[in-house]
Amino acid sequence: MLKELMVPIFENAFESARAAGDLSSEEKPTVVIETPPNEAFGDFSCNIAMTLARAERKAPLMIAEQIVRHFEAPEGFLKDVRIEKPGFINLYLDGDYLCAKLTEILSAPDDFGKNESGAGKSVHLEFVSANPTGPLHVGHGRGAALGDVLGRVLKASGFRVHREYYINDAGNQIETLAKSAYARYLQDVKGEDVPFPEDAYQGEYIREIVRSARFREAVGTLEDEKALLSQAGVIAKDLILEDIEKSLAGFRVRFDEWFSESSLFTENGNRVEEAVAELEANKKLYGKDGAKWLASSAYGDEKDRVVVRDDGRPTYLASDIAYHHLKYERGFDRYINIWGADHHGYLPRVRAAMEMLGHDPEKLDVLFVQFVSLRRGGEAVQMSTRSGEFEELSAVVDEVGVDAARFFFLMRSADTALEFDLDLAKEQSSENPVYYVQYAHARACSLFRQAEEGGEPIGALDAPSPGVLVLAEEHQLMKNLLEWPDVVRTAAERFEPHHVTFGLIALAKQFHAYYNRNRILGQGEELTRARLCLSKCVQVVLRSGLNLLGVSAPEKM
(Lines give C-alpha, C1' and ligand atoms only; values in the text may rest on other atoms or scores of the structure.)
Protein backbone atom coordinates (compact mmCIF):
# COMPACT_ATOMS: atom_id res chain seq x y z
CA MET A 1 0.00 0.00 0.00
CA LEU A 2 2.67 2.54 1.04
CA LYS A 3 5.12 1.51 -1.67
CA GLU A 4 2.34 1.83 -4.23
CA LEU A 5 1.98 5.48 -3.23
CA MET A 6 5.71 6.15 -3.55
CA VAL A 7 6.34 4.67 -6.99
CA PRO A 8 4.28 7.29 -8.90
CA ILE A 9 5.93 10.08 -6.86
CA PHE A 10 9.31 9.08 -8.28
CA GLU A 11 7.96 8.36 -11.76
CA ASN A 12 6.25 11.76 -11.97
CA ALA A 13 9.29 13.54 -10.55
CA PHE A 14 11.47 11.93 -13.23
CA GLU A 15 9.07 12.98 -15.99
CA SER A 16 8.89 16.55 -14.62
CA ALA A 17 12.68 16.76 -14.36
CA ARG A 18 13.03 15.55 -17.92
CA ALA A 19 10.38 17.98 -19.17
CA ALA A 20 12.21 20.80 -17.40
CA GLY A 21 15.48 19.81 -19.04
CA ASP A 22 17.12 18.75 -15.78
CA LEU A 23 17.34 15.16 -16.97
CA SER A 24 17.71 13.81 -20.49
CA SER A 25 17.41 10.02 -20.28
CA GLU A 26 14.90 8.73 -22.83
CA GLU A 27 14.22 5.45 -21.09
CA LYS A 28 11.92 5.54 -18.09
CA PRO A 29 13.70 3.92 -15.13
CA THR A 30 12.20 1.14 -13.03
CA VAL A 31 11.42 2.50 -9.59
CA VAL A 32 12.36 0.16 -6.76
CA ILE A 33 11.35 1.12 -3.21
CA GLU A 34 13.21 -0.61 -0.40
CA THR A 35 13.27 -0.53 3.38
CA PRO A 36 16.64 0.70 4.73
CA PRO A 37 18.42 -1.68 7.12
CA ASN A 38 18.71 1.17 9.64
CA GLU A 39 15.70 3.21 10.74
CA ALA A 40 17.96 6.29 10.90
CA PHE A 41 17.93 6.28 7.09
CA GLY A 42 14.18 6.73 6.88
CA ASP A 43 11.13 4.56 6.33
CA PHE A 44 11.86 3.85 2.68
CA SER A 45 14.67 4.43 0.22
CA CYS A 46 15.09 4.57 -3.54
CA ASN A 47 18.25 4.24 -5.66
CA ILE A 48 16.79 5.71 -8.85
CA ALA A 49 19.55 8.32 -9.03
CA MET A 50 22.25 5.65 -9.16
CA THR A 51 20.44 3.67 -11.85
CA LEU A 52 20.28 6.84 -14.00
CA ALA A 53 23.92 7.85 -13.48
CA ARG A 54 25.34 6.16 -16.58
CA ALA A 55 22.63 7.39 -18.96
CA GLU A 56 22.69 10.91 -17.54
CA ARG A 57 26.51 11.05 -17.21
CA LYS A 58 26.11 12.86 -13.92
CA ALA A 59 26.93 12.16 -10.33
CA PRO A 60 24.10 10.30 -8.53
CA LEU A 61 23.94 13.01 -5.87
CA MET A 62 23.21 15.65 -8.49
CA ILE A 63 20.55 13.49 -10.13
CA ALA A 64 18.94 12.85 -6.74
CA GLU A 65 18.71 16.57 -6.07
CA GLN A 66 17.07 17.18 -9.45
CA ILE A 67 14.49 14.44 -8.85
CA VAL A 68 13.65 15.60 -5.33
CA ARG A 69 13.23 19.15 -6.61
CA HIS A 70 10.26 17.89 -8.67
CA PHE A 71 8.63 15.82 -5.92
CA GLU A 72 4.84 16.11 -5.57
CA ALA A 73 3.62 13.89 -2.75
CA PRO A 74 0.09 13.59 -1.29
CA GLU A 75 -0.58 16.21 1.33
CA GLY A 76 0.80 15.27 4.71
CA PHE A 77 2.43 12.08 3.37
CA LEU A 78 6.09 12.96 3.87
CA LYS A 79 7.69 14.46 6.92
CA ASP A 80 11.14 14.71 5.34
CA VAL A 81 13.18 13.73 2.28
CA ARG A 82 16.94 13.36 2.58
CA ILE A 83 19.64 12.55 0.10
CA GLU A 84 22.47 10.34 1.30
CA LYS A 85 25.71 9.32 -0.38
CA PRO A 86 26.25 7.91 -2.90
CA GLY A 87 22.79 8.96 -4.13
CA PHE A 88 20.04 7.33 -2.09
CA ILE A 89 16.79 9.24 -1.70
CA ASN A 90 15.44 8.46 1.77
CA LEU A 91 11.83 9.13 2.68
CA TYR A 92 10.52 9.80 6.17
CA LEU A 93 6.76 9.33 6.48
CA ASP A 94 4.58 11.59 8.58
CA GLY A 95 3.28 9.80 11.69
CA ASP A 96 -0.10 11.50 11.60
CA TYR A 97 -0.56 10.37 8.00
CA LEU A 98 0.06 6.77 9.11
CA CYS A 99 -2.44 7.20 11.95
CA ALA A 100 -5.13 8.36 9.55
CA LYS A 101 -4.46 5.40 7.22
CA LEU A 102 -5.24 2.94 10.03
CA THR A 103 -8.90 3.63 9.25
CA GLU A 104 -8.47 1.44 6.16
CA ILE A 105 -7.68 -1.51 8.43
CA LEU A 106 -10.45 -0.82 10.93
CA SER A 107 -13.20 -0.11 8.38
CA ALA A 108 -12.79 -3.39 6.45
CA PRO A 109 -10.84 -5.81 8.67
CA ASP A 110 -11.82 -8.92 6.70
CA ASP A 111 -10.61 -7.44 3.42
CA PHE A 112 -7.43 -5.71 4.52
CA GLY A 113 -4.48 -7.25 2.71
CA LYS A 114 -6.47 -8.33 -0.31
CA ASN A 115 -5.59 -6.77 -3.65
CA GLU A 116 -6.61 -6.92 -7.30
CA SER A 117 -3.21 -7.54 -8.91
CA GLY A 118 -4.54 -10.76 -10.44
CA ALA A 119 -8.05 -9.56 -11.25
CA GLY A 120 -9.49 -11.29 -14.31
CA LYS A 121 -6.64 -13.82 -14.50
CA SER A 122 -6.87 -17.56 -13.96
CA VAL A 123 -4.31 -19.97 -12.56
CA HIS A 124 -4.16 -23.75 -12.78
CA LEU A 125 -2.32 -24.92 -9.67
CA GLU A 126 -1.19 -28.56 -9.51
CA PHE A 127 0.50 -29.75 -6.34
CA VAL A 128 1.26 -32.78 -4.18
CA SER A 129 0.38 -35.32 -6.95
CA ALA A 130 2.14 -38.07 -4.99
CA ASN A 131 2.00 -41.56 -6.50
CA PRO A 132 -0.81 -43.61 -4.89
CA THR A 133 1.71 -46.25 -3.88
CA GLY A 134 2.24 -45.27 -0.25
CA PRO A 135 1.27 -42.80 2.48
CA LEU A 136 2.24 -39.15 2.24
CA HIS A 137 5.58 -38.37 3.86
CA VAL A 138 6.88 -35.09 5.26
CA GLY A 139 8.27 -34.02 1.89
CA HIS A 140 4.78 -34.25 0.44
CA GLY A 141 3.58 -32.27 3.45
CA ARG A 142 5.86 -29.38 2.60
CA GLY A 143 4.61 -29.36 -0.99
CA ALA A 144 1.03 -29.55 0.24
CA ALA A 145 1.45 -26.58 2.58
CA LEU A 146 3.22 -24.59 -0.12
CA GLY A 147 0.57 -25.28 -2.75
CA ASP A 148 -2.37 -24.67 -0.46
CA VAL A 149 -1.06 -21.34 0.85
CA LEU A 150 0.03 -20.24 -2.63
CA GLY A 151 -3.56 -20.86 -3.74
CA ARG A 152 -4.81 -18.76 -0.84
CA VAL A 153 -2.52 -15.78 -1.51
CA LEU A 154 -3.29 -15.92 -5.24
CA LYS A 155 -7.01 -15.84 -4.46
CA ALA A 156 -6.44 -12.94 -2.04
CA SER A 157 -4.75 -11.13 -4.93
CA GLY A 158 -7.74 -11.51 -7.23
CA PHE A 159 -6.75 -14.60 -9.23
CA ARG A 160 -9.22 -17.36 -10.05
CA VAL A 161 -7.43 -20.49 -8.84
CA HIS A 162 -8.12 -24.08 -9.85
CA ARG A 163 -6.42 -26.58 -7.53
CA GLU A 164 -5.65 -29.99 -8.98
CA TYR A 165 -4.11 -33.25 -7.79
CA TYR A 166 -2.70 -35.41 -10.62
CA ILE A 167 -3.12 -39.07 -9.69
CA ASN A 168 -0.28 -41.11 -11.18
CA ASP A 169 -2.34 -44.30 -11.42
CA ALA A 170 -0.88 -45.74 -14.62
CA GLY A 171 2.50 -47.23 -15.40
CA ASN A 172 5.19 -49.29 -13.71
CA GLN A 173 4.64 -47.97 -10.19
CA ILE A 174 1.09 -49.39 -10.10
CA GLU A 175 2.34 -52.73 -11.39
CA THR A 176 4.99 -52.72 -8.63
CA LEU A 177 2.30 -51.89 -6.07
CA ALA A 178 0.24 -54.85 -7.30
CA LYS A 179 3.23 -57.20 -7.00
CA SER A 180 3.95 -55.88 -3.52
CA ALA A 181 0.38 -56.36 -2.28
CA TYR A 182 0.06 -59.76 -3.94
CA ALA A 183 3.28 -61.08 -2.37
CA ARG A 184 2.35 -59.81 1.11
CA TYR A 185 -1.12 -61.30 0.71
CA LEU A 186 0.33 -64.71 -0.05
CA GLN A 187 2.75 -64.40 2.89
CA ASP A 188 0.58 -62.83 5.59
CA VAL A 189 -2.94 -63.98 4.74
CA LYS A 190 -2.44 -67.28 2.90
CA GLY A 191 0.60 -68.28 4.91
CA GLU A 192 2.63 -69.22 1.86
CA ASP A 193 6.42 -69.19 1.84
CA VAL A 194 7.05 -66.98 -1.19
CA PRO A 195 9.89 -64.51 -1.80
CA PHE A 196 9.18 -60.80 -1.62
CA PRO A 197 10.35 -59.01 -4.82
CA GLU A 198 13.45 -56.85 -4.29
CA ASP A 199 11.93 -53.91 -6.16
CA ALA A 200 8.64 -54.08 -4.26
CA TYR A 201 7.42 -51.50 -1.76
CA GLN A 202 8.84 -52.41 1.64
CA GLY A 203 6.71 -50.38 4.01
CA GLU A 204 4.63 -51.85 6.79
CA TYR A 205 1.61 -50.14 5.21
CA ILE A 206 1.51 -52.88 2.54
CA ARG A 207 0.99 -55.48 5.27
CA GLU A 208 -1.78 -53.35 6.80
CA ILE A 209 -3.51 -53.11 3.42
CA VAL A 210 -3.56 -56.85 2.71
CA ARG A 211 -4.80 -57.61 6.23
CA SER A 212 -7.73 -55.21 5.87
CA ALA A 213 -11.22 -56.67 5.51
CA ARG A 214 -11.82 -54.73 2.32
CA PHE A 215 -8.73 -56.13 0.62
CA ARG A 216 -9.41 -59.71 1.71
CA GLU A 217 -13.04 -59.50 0.59
CA ALA A 218 -12.01 -58.16 -2.83
CA VAL A 219 -9.44 -60.84 -3.61
CA GLY A 220 -10.58 -63.74 -1.41
CA THR A 221 -12.78 -65.40 -4.03
CA LEU A 222 -10.27 -65.05 -6.87
CA GLU A 223 -8.25 -68.10 -7.84
CA ASP A 224 -6.74 -67.00 -11.14
CA GLU A 225 -3.29 -65.56 -10.40
CA LYS A 226 -3.50 -62.87 -13.09
CA ALA A 227 -6.91 -61.69 -11.90
CA LEU A 228 -5.78 -61.74 -8.27
CA LEU A 229 -2.65 -59.72 -9.09
CA SER A 230 -4.68 -57.13 -11.00
CA GLN A 231 -7.31 -56.79 -8.28
CA ALA A 232 -4.62 -56.54 -5.61
CA GLY A 233 -3.18 -53.52 -7.39
CA VAL A 234 -6.57 -51.85 -7.83
CA ILE A 235 -7.65 -52.26 -4.20
CA ALA A 236 -4.26 -51.29 -2.80
CA LYS A 237 -4.22 -48.16 -4.95
CA ASP A 238 -7.76 -47.21 -3.91
CA LEU A 239 -7.02 -47.70 -0.20
CA ILE A 240 -3.81 -45.66 -0.41
CA LEU A 241 -5.54 -42.88 -2.34
CA GLU A 242 -8.30 -42.73 0.27
CA ASP A 243 -5.63 -42.46 2.96
CA ILE A 244 -3.96 -39.64 1.02
CA GLU A 245 -7.25 -37.77 0.70
CA LYS A 246 -7.90 -38.21 4.41
CA SER A 247 -4.40 -37.03 5.36
CA LEU A 248 -4.69 -33.93 3.19
CA ALA A 249 -8.16 -33.08 4.48
CA GLY A 250 -6.81 -33.34 8.03
CA PHE A 251 -3.98 -31.06 6.99
CA ARG A 252 -6.55 -28.48 5.77
CA VAL A 253 -5.62 -28.94 2.12
CA ARG A 254 -8.35 -29.15 -0.50
CA PHE A 255 -8.52 -29.66 -4.25
CA ASP A 256 -11.07 -28.69 -6.85
CA GLU A 257 -10.24 -31.73 -8.96
CA TRP A 258 -8.47 -35.08 -8.66
CA PHE A 259 -7.32 -35.89 -12.19
CA SER A 260 -6.51 -39.51 -12.98
CA GLU A 261 -3.59 -40.30 -15.30
CA SER A 262 -5.38 -43.46 -16.38
CA SER A 263 -8.20 -41.31 -17.82
CA LEU A 264 -5.74 -40.21 -20.51
CA PHE A 265 -5.80 -43.75 -21.93
CA THR A 266 -9.54 -44.38 -22.37
CA GLU A 267 -10.74 -46.25 -25.43
CA ASN A 268 -13.10 -43.43 -26.31
CA GLY A 269 -10.22 -40.95 -26.55
CA ASN A 270 -6.62 -41.84 -25.89
CA ARG A 271 -5.14 -38.43 -25.13
CA VAL A 272 -1.60 -39.79 -25.09
CA GLU A 273 -1.88 -41.26 -28.58
CA GLU A 274 -3.49 -38.04 -29.80
CA ALA A 275 -0.66 -35.89 -28.39
CA VAL A 276 1.99 -38.16 -29.93
CA ALA A 277 0.16 -38.06 -33.28
CA GLU A 278 0.00 -34.25 -33.14
CA LEU A 279 3.74 -34.04 -32.43
CA GLU A 280 4.38 -36.36 -35.37
CA ALA A 281 2.17 -34.24 -37.61
CA ASN A 282 4.20 -31.18 -36.53
CA LYS A 283 7.38 -33.10 -37.44
CA LYS A 284 8.70 -32.86 -33.88
CA LEU A 285 9.30 -36.62 -33.49
CA TYR A 286 11.75 -38.89 -35.22
CA GLY A 287 12.41 -42.63 -35.19
CA LYS A 288 15.57 -44.20 -33.79
CA ASP A 289 16.27 -47.77 -32.67
CA GLY A 290 12.58 -48.59 -33.05
CA ALA A 291 11.49 -45.85 -30.63
CA LYS A 292 9.95 -42.42 -31.16
CA TRP A 293 12.05 -39.51 -29.96
CA LEU A 294 11.05 -35.93 -29.10
CA ALA A 295 13.46 -33.42 -30.69
CA SER A 296 13.50 -31.41 -27.47
CA SER A 297 17.19 -30.43 -27.63
CA ALA A 298 16.26 -27.91 -30.32
CA TYR A 299 13.97 -26.23 -27.77
CA GLY A 300 16.30 -25.81 -24.82
CA ASP A 301 16.43 -29.35 -23.41
CA GLU A 302 19.86 -30.89 -22.83
CA LYS A 303 19.06 -33.86 -25.09
CA ASP A 304 16.25 -35.48 -27.05
CA ARG A 305 13.80 -37.73 -25.19
CA VAL A 306 12.01 -41.00 -25.91
CA VAL A 307 8.22 -40.69 -25.86
CA VAL A 308 7.30 -44.11 -27.28
CA ARG A 309 9.48 -47.14 -26.50
CA ASP A 310 10.56 -49.65 -29.13
CA ASP A 311 7.82 -52.03 -27.94
CA GLY A 312 5.15 -49.38 -28.56
CA ARG A 313 4.53 -48.43 -24.91
CA PRO A 314 4.47 -44.68 -24.14
CA THR A 315 6.94 -43.30 -21.59
CA TYR A 316 6.06 -41.23 -18.52
CA LEU A 317 6.99 -38.18 -20.56
CA ALA A 318 4.33 -39.00 -23.14
CA SER A 319 1.67 -39.04 -20.41
CA ASP A 320 2.94 -35.76 -18.98
CA ILE A 321 2.91 -34.16 -22.41
CA ALA A 322 -0.69 -35.25 -22.95
CA TYR A 323 -1.71 -34.03 -19.49
CA HIS A 324 -0.11 -30.60 -19.92
CA HIS A 325 -1.50 -30.33 -23.45
CA LEU A 326 -4.94 -30.87 -21.95
CA LYS A 327 -4.22 -28.26 -19.27
CA TYR A 328 -3.38 -25.67 -21.91
CA GLU A 329 -6.51 -26.48 -23.88
CA ARG A 330 -8.56 -25.58 -20.80
CA GLY A 331 -7.49 -21.96 -21.30
CA PHE A 332 -5.91 -20.78 -18.06
CA ASP A 333 -3.66 -17.73 -18.02
CA ARG A 334 -0.94 -19.39 -15.93
CA TYR A 335 -0.01 -22.95 -15.02
CA ILE A 336 1.90 -23.63 -11.80
CA ASN A 337 3.25 -27.05 -10.83
CA ILE A 338 4.88 -27.89 -7.52
CA TRP A 339 7.43 -30.67 -7.90
CA GLY A 340 10.13 -32.23 -5.79
CA ALA A 341 13.70 -31.00 -6.19
CA ASP A 342 14.67 -34.28 -7.90
CA HIS A 343 12.49 -33.32 -10.91
CA HIS A 344 14.50 -30.19 -11.70
CA GLY A 345 15.69 -31.46 -15.08
CA TYR A 346 12.18 -32.39 -16.18
CA LEU A 347 10.86 -28.88 -16.80
CA PRO A 348 12.81 -28.11 -20.02
CA ARG A 349 11.44 -31.18 -21.81
CA VAL A 350 7.83 -30.43 -20.81
CA ARG A 351 8.16 -26.80 -21.85
CA ALA A 352 9.74 -27.90 -25.13
CA ALA A 353 6.81 -30.20 -25.86
CA MET A 354 4.30 -27.45 -25.09
CA GLU A 355 6.03 -25.11 -27.51
CA MET A 356 6.03 -27.84 -30.17
CA LEU A 357 2.27 -28.18 -29.68
CA GLY A 358 1.74 -24.45 -30.21
CA HIS A 359 1.49 -23.32 -26.59
CA ASP A 360 3.38 -20.55 -24.81
CA PRO A 361 5.95 -22.39 -22.65
CA GLU A 362 6.46 -19.32 -20.46
CA LYS A 363 2.96 -19.74 -19.07
CA LEU A 364 4.16 -22.85 -17.26
CA ASP A 365 5.99 -22.29 -13.98
CA VAL A 366 7.34 -24.97 -11.68
CA LEU A 367 8.28 -24.51 -8.04
CA PHE A 368 10.84 -27.07 -6.93
CA VAL A 369 10.51 -28.02 -3.27
CA GLN A 370 13.73 -28.93 -1.50
CA PHE A 371 14.00 -31.77 0.97
CA VAL A 372 12.79 -31.82 4.58
CA SER A 373 14.84 -33.31 7.38
CA LEU A 374 13.44 -33.98 10.84
CA ARG A 375 15.05 -33.61 14.23
CA ARG A 376 13.78 -35.17 17.42
CA GLY A 377 15.59 -35.13 20.74
CA GLY A 378 18.45 -33.18 19.18
CA GLU A 379 19.16 -35.92 16.63
CA ALA A 380 18.30 -36.36 12.98
CA VAL A 381 15.44 -38.76 12.22
CA GLN A 382 16.64 -41.37 9.73
CA MET A 383 14.37 -41.70 6.69
CA SER A 384 14.47 -43.81 3.53
CA THR A 385 11.48 -44.20 1.24
CA ARG A 386 13.19 -47.10 -0.55
CA SER A 387 13.35 -49.20 2.61
CA GLY A 388 9.91 -48.04 3.74
CA GLU A 389 11.34 -46.11 6.68
CA PHE A 390 9.93 -42.60 6.52
CA GLU A 391 7.92 -40.23 8.65
CA GLU A 392 4.35 -40.09 7.46
CA LEU A 393 2.77 -36.66 7.25
CA SER A 394 -0.15 -37.80 9.39
CA ALA A 395 2.24 -38.93 12.14
CA VAL A 396 4.01 -35.57 12.22
CA VAL A 397 0.67 -33.74 12.29
CA ASP A 398 -0.50 -35.97 15.15
CA GLU A 399 2.72 -35.20 17.04
CA VAL A 400 2.96 -31.41 16.64
CA GLY A 401 -0.52 -30.38 15.46
CA VAL A 402 -1.78 -28.99 12.16
CA ASP A 403 -0.96 -25.37 13.01
CA ALA A 404 2.68 -26.01 13.84
CA ALA A 405 3.22 -28.37 10.90
CA ARG A 406 1.83 -25.92 8.33
CA PHE A 407 3.69 -22.95 9.81
CA PHE A 408 7.04 -24.77 10.05
CA PHE A 409 6.80 -26.03 6.46
CA LEU A 410 6.51 -22.39 5.35
CA MET A 411 9.37 -20.95 7.38
CA ARG A 412 11.80 -21.20 4.47
CA SER A 413 11.55 -20.50 0.76
CA ALA A 414 10.68 -23.60 -1.25
CA ASP A 415 14.10 -23.74 -2.91
CA THR A 416 15.87 -24.00 0.47
CA ALA A 417 16.28 -27.24 2.42
CA LEU A 418 14.21 -27.29 5.61
CA GLU A 419 15.15 -28.75 8.97
CA PHE A 420 11.99 -29.40 10.98
CA ASP A 421 12.63 -29.52 14.72
CA LEU A 422 9.75 -31.57 16.12
CA ASP A 423 10.57 -30.70 19.73
CA LEU A 424 10.62 -26.96 19.01
CA ALA A 425 7.29 -27.20 17.20
CA LYS A 426 5.70 -28.50 20.40
CA GLU A 427 7.17 -25.89 22.73
CA GLN A 428 4.93 -23.25 24.26
CA SER A 429 7.55 -20.53 24.33
CA SER A 430 8.80 -17.54 22.38
CA GLU A 431 11.33 -19.87 20.74
CA ASN A 432 8.53 -21.57 18.84
CA PRO A 433 7.61 -19.21 15.93
CA VAL A 434 4.01 -20.37 15.48
CA TYR A 435 3.32 -20.13 19.22
CA TYR A 436 4.99 -16.70 19.23
CA VAL A 437 2.72 -15.39 16.46
CA GLN A 438 -0.46 -16.95 17.82
CA TYR A 439 0.33 -15.60 21.29
CA ALA A 440 0.71 -12.09 19.83
CA HIS A 441 -2.80 -12.41 18.39
CA ALA A 442 -4.20 -13.73 21.66
CA ARG A 443 -2.41 -10.97 23.59
CA ALA A 444 -4.01 -8.30 21.38
CA CYS A 445 -7.42 -9.90 21.92
CA SER A 446 -6.87 -10.01 25.68
CA LEU A 447 -6.46 -6.24 25.84
CA PHE A 448 -10.10 -5.73 24.90
CA ARG A 449 -11.31 -8.24 27.47
CA GLN A 450 -9.21 -6.47 30.11
CA ALA A 451 -10.51 -3.08 29.00
CA GLU A 452 -14.09 -4.25 29.27
CA GLU A 453 -13.51 -5.82 32.66
CA GLY A 454 -11.76 -2.65 33.86
CA GLY A 455 -14.49 -0.34 32.63
CA GLU A 456 -12.28 1.40 30.05
CA PRO A 457 -14.42 3.61 27.73
CA ILE A 458 -13.55 1.94 24.42
CA GLY A 459 -16.51 2.71 22.19
CA ALA A 460 -16.18 2.46 18.42
CA LEU A 461 -12.53 2.50 17.45
CA ASP A 462 -11.42 4.93 14.78
CA ALA A 463 -8.07 6.29 13.66
CA PRO A 464 -6.13 7.90 16.53
CA SER A 465 -6.11 11.67 16.76
CA PRO A 466 -3.04 13.48 15.36
CA GLY A 467 -0.08 13.78 17.67
CA VAL A 468 -1.06 10.92 20.02
CA LEU A 469 0.95 7.94 18.76
CA VAL A 470 4.36 9.58 18.70
CA LEU A 471 6.74 6.84 19.84
CA ALA A 472 9.24 5.54 17.31
CA GLU A 473 8.03 1.98 17.86
CA GLU A 474 4.43 3.07 17.27
CA HIS A 475 5.56 4.66 14.01
CA GLN A 476 7.26 1.41 12.94
CA LEU A 477 4.25 -0.68 13.92
CA MET A 478 1.88 1.52 11.89
CA LYS A 479 4.19 1.47 8.90
CA ASN A 480 4.52 -2.33 8.93
CA LEU A 481 0.79 -2.79 9.39
CA LEU A 482 0.07 -0.64 6.35
CA GLU A 483 2.64 -2.59 4.33
CA TRP A 484 0.69 -5.82 4.80
CA PRO A 485 -1.06 -5.64 1.39
CA ASP A 486 2.40 -5.36 -0.20
CA VAL A 487 3.46 -8.54 1.62
CA VAL A 488 0.46 -10.46 0.26
CA ARG A 489 0.96 -9.07 -3.24
CA THR A 490 4.65 -9.97 -3.20
CA ALA A 491 3.87 -13.52 -2.08
CA ALA A 492 1.40 -13.90 -4.96
CA GLU A 493 3.48 -12.25 -7.67
CA ARG A 494 6.64 -14.19 -6.81
CA PHE A 495 4.85 -17.46 -5.93
CA GLU A 496 6.59 -17.29 -2.54
CA PRO A 497 4.17 -17.84 0.37
CA HIS A 498 6.99 -17.70 2.93
CA HIS A 499 6.80 -13.89 2.74
CA VAL A 500 3.55 -14.19 4.71
CA THR A 501 5.27 -16.26 7.40
CA PHE A 502 8.20 -13.86 7.62
CA GLY A 503 5.85 -10.87 7.82
CA LEU A 504 3.87 -12.41 10.67
CA ILE A 505 6.97 -13.24 12.69
CA ALA A 506 8.32 -9.70 12.25
CA LEU A 507 5.00 -8.12 13.26
CA ALA A 508 4.62 -10.39 16.30
CA LYS A 509 8.14 -9.51 17.42
CA GLN A 510 7.38 -5.80 17.13
CA PHE A 511 4.09 -6.06 18.98
CA HIS A 512 5.46 -8.18 21.83
CA ALA A 513 8.29 -5.67 22.34
CA TYR A 514 5.86 -2.74 22.25
CA TYR A 515 3.48 -4.44 24.67
CA ASN A 516 6.28 -5.25 27.12
CA ARG A 517 7.68 -1.70 27.13
CA ASN A 518 4.50 0.34 27.14
CA ARG A 519 1.28 0.34 29.12
CA ILE A 520 -1.75 0.31 26.85
CA LEU A 521 -4.64 0.47 29.30
CA GLY A 522 -5.16 3.11 31.97
CA GLN A 523 -3.27 5.84 30.13
CA GLY A 524 -6.06 8.38 29.86
CA GLU A 525 -8.93 8.07 27.42
CA GLU A 526 -7.21 9.52 24.33
CA LEU A 527 -3.92 7.62 24.57
CA THR A 528 -5.61 4.39 25.70
CA ARG A 529 -8.02 4.49 22.76
CA ALA A 530 -5.17 5.24 20.37
CA ARG A 531 -3.09 2.32 21.62
CA LEU A 532 -6.10 0.02 21.59
CA CYS A 533 -6.72 1.09 18.02
CA LEU A 534 -3.14 0.17 17.16
CA SER A 535 -3.51 -3.16 18.96
CA LYS A 536 -6.74 -3.87 17.10
CA CYS A 537 -4.95 -3.31 13.79
CA VAL A 538 -2.22 -5.72 14.88
CA GLN A 539 -4.90 -8.28 15.71
CA VAL A 540 -6.53 -7.82 12.29
CA VAL A 541 -3.30 -8.27 10.35
CA LEU A 542 -2.13 -11.25 12.41
CA ARG A 543 -5.49 -12.94 11.90
CA SER A 544 -5.37 -12.18 8.18
CA GLY A 545 -1.92 -13.71 7.85
CA LEU A 546 -2.71 -16.77 9.95
CA ASN A 547 -5.83 -17.36 7.85
CA LEU A 548 -3.71 -17.23 4.69
CA LEU A 549 -1.41 -19.84 6.21
CA GLY A 550 -4.35 -22.03 7.17
CA VAL A 551 -3.34 -21.67 10.82
CA SER A 552 -5.77 -20.91 13.64
CA ALA A 553 -5.82 -17.49 15.32
CA PRO A 554 -6.70 -18.20 18.97
CA GLU A 555 -8.15 -15.44 21.12
CA LYS A 556 -6.97 -17.08 24.34
CA MET A 557 -3.83 -19.05 25.11
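Predicted model: local features only at pLDDT ≥ 70, side-chain atom pairs only at ≥ 80, totals over all residues.
**Helix packing and buried cores**

User: What kind of crossing does α7 make as it passes α8?

Analyst: α7 passes α8 in a right-handed crossing. Residues are numbered from 1 along each chain as its sequence is written, and side-chain values use heavy atoms, without hydrogens and water.

User: Why is α7 called roughly perpendicular to α8?

Analyst: Helix α7 (residues 172-189) packs against helix α8 (residues 204-211) at about 65 degrees, with the axes 9 Å apart. Roughly perpendicular covers 65 to 115 degrees, so α7 is roughly perpendicular to α8. Helices here are DSSP runs (H or I, at least four residues).

User: Which residues of α7 and α8 meet?

Analyst: From α7, they include Leu177, Ala181, Tyr185 and Val189; from α8, Ile206, Arg207, Val210 and Arg211. Contact means heavy atoms within 4.5 Å. The contact residues divide into six nonpolar, two polar and four charged.

User: What does Phe215 touch?

Analyst: Beyond neighbours within four places in sequence, its contacts include Ala181, Tyr185, Val210 and Leu239. Phe215 is among the residues with the most contacts inside the largest nonpolar core, which has 138 residues.

User: What makes His475 buried?

Analyst: Its relative accessible area is 16%. Buried means under 20% (1.4 Å probe, protein chains only), so His475 qualifies. His475 lies in helix α18 (residues 472-482). Leaving out residues up to four places away in sequence, His475 touches Asp43, Leu93, Asp94, Gly95 and Leu98.

Notes: Axes fitted to C-alpha atoms, helices over the stretch in contact; angles between N-to-C directions. Helix = DSSP H or I, 4+ residues; strand = E, 2+ residues; numbered from the N terminus. Parallel < 35°, antiparallel > 145°, perpendicular 65-115°, else oblique. Left-handed = near helix turned anticlockwise from the far one by under 90°. Nonpolar A, V, L, I, M, F, W, Y, C, P; charged D, E, K, R; others polar. Core = buried A, V, L, I, M, F, W, Y, C linked by side-chain atoms within 4.5 Å. Buried < 20%, exposed > 50% of the residue type's maximum accessible area, 1.4 Å probe, protein only.
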